[in-house]
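Student: I have a new structure to look at and would like to talk it through. Could we begin with how far it can be trusted?

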Amino acid sequence: MGSFLLHESVFFLSGLPFIYLERAGLLSKYKIQTKNNTPTAQEKCITRLLLYHFSVNLPLMIVSYPVFRCMGMRSSLPLPSWKVVLTQIIFYFILEDFVFYWGHRVLHTKWLYKHVHSVHHEYATPFGLTSEYAHPAEILFLGFATIVGPAITGPHLITLWLWMVLRVLETVEAHCGYHFPWSLSNFLPLYGGADFHDYHHRLLYTKSGNYSSTFVYMDWIFGTDKGYRKLKALKHNGVGVEDDSKQT
């Protein structure tokens, strides 16, 4: 229950402000797409999220708790050293990104996209809360990428909660729809961020690429970011382009 309450608090407190920004038109010069979502579409997202969180996420957390305990997770003193925490968090990010990349590519095959992943892509113009708007099967499928690292290492509960907070903040930022001067992708070359993932949502599922969750190197290694890089190069050179946008 503590994990669930922490997740809900961080998720909605970090995601709801982007709905306000979009409705009020604030900081619009940093908005990646000019199109806005309707209040009805935003409310639909929130309603579905609450339904899925209580009917899928919460039961999953309850069921997985004994598994984490068996794998060595503890909540007692002493707390782990910062070196152990840092090492585990970095490992979780790298492993999650690897597993997520391949799982996400599979979801973009024709049948799975049509019957499962298309739910997440109902929002071609994403905002923070759409990061967890998905088919229940996808929640379970890609949720595995998030929990596999902690399941392997059996961390302290504090480490698990820190990982949860950072992962939620990362995915909300990637879907926020804004690219700010202070966005992490401006300072960390391997970090994808909102601009990288927003491109994925704008395009038809057969052309999108940019499948990674956090970093950019998996897409670079396997050549699934060529369209994005080409578009960035054209914009850098001042060439006006259309990018097969799926504005629905």
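Student: Where does pLDDT stay under 50?

Tutor: In this predicted model, pLDDT (the predictor's confidence in each residue, from 0 to 100) stays under 50 over residues 243-248. The model has 24 contacts beyond four places in sequence for that stretch, a contact being heavy atoms within 4.5 Å. Where pLDDT is low, the predicted coordinates should not be read in detail.

Student: And what does the chain average?

Tutor: The average pLDDT is 93, and 96% of the residues score at least 70. Confidence is highest in α6, at a mean of 98, and lowest in helix α9 (residues 226-236), at 89. Helices here are DSSP runs of H or I with at least four residues, strands are runs of E with at least two, and both are numbered from the N terminus.

Student: Which residues have the most contacts inside the largest nonpolar core?

Tutor: They are F11, F18, C45, L49 and L129, in a core of 20 residues. A nonpolar core is a set of buried Ala, Val, Leu, Ile, Met, Phe, Trp, Tyr and Cys residues joined through side-chain atoms within 4.5 Å; buried means under 20% relative accessible area, exposed over 50%, and partly exposed in between (1.4 Å probe, protein chains only).

Student: Which helices supply it?

Tutor: Helices α1 (2-24), α2 (39-70) and α6 each supply at least two residues of this core. The largest share, six residues, comes from α1. Another core, of ten residues, lies apart from it and includes F68, I89, Y92 and F93.

Student: Is L162 buried or partly exposed?

Tutor: L162 counts as partly exposed because its relative accessibility is 36%. This residue is in helix α6 (residues 157-174). Leaving aside residues up to four places away in sequence, L162 touches V85 and I89. L162 and V85 are 77 residues apart in sequence, yet 8.9 Å apart in space, C-alpha to C-alpha.

Student: Where does UniProt place the "transmembrane region" feature?

Tutor: The unreviewed entry gives residues 49-68, 80-102 and 139-163. UniProt positions follow the numbering used here, feature names are shortened, and annotations may be inferred rather than shown by experiment. In the model, residues 80-102 are 91% helix and 0% strand, with end C-alpha atoms 32 Å apart.

Terms used
Residues are numbered from 1 along each chain as its sequence is written. This is a predicted model: local features need pLDDT of at least 70, side-chain atom pairs count only at pLDDT 80 or more; totals for chains, interfaces and linings use all residues. Side-chain values use heavy atoms; hydrogens and water are left out.
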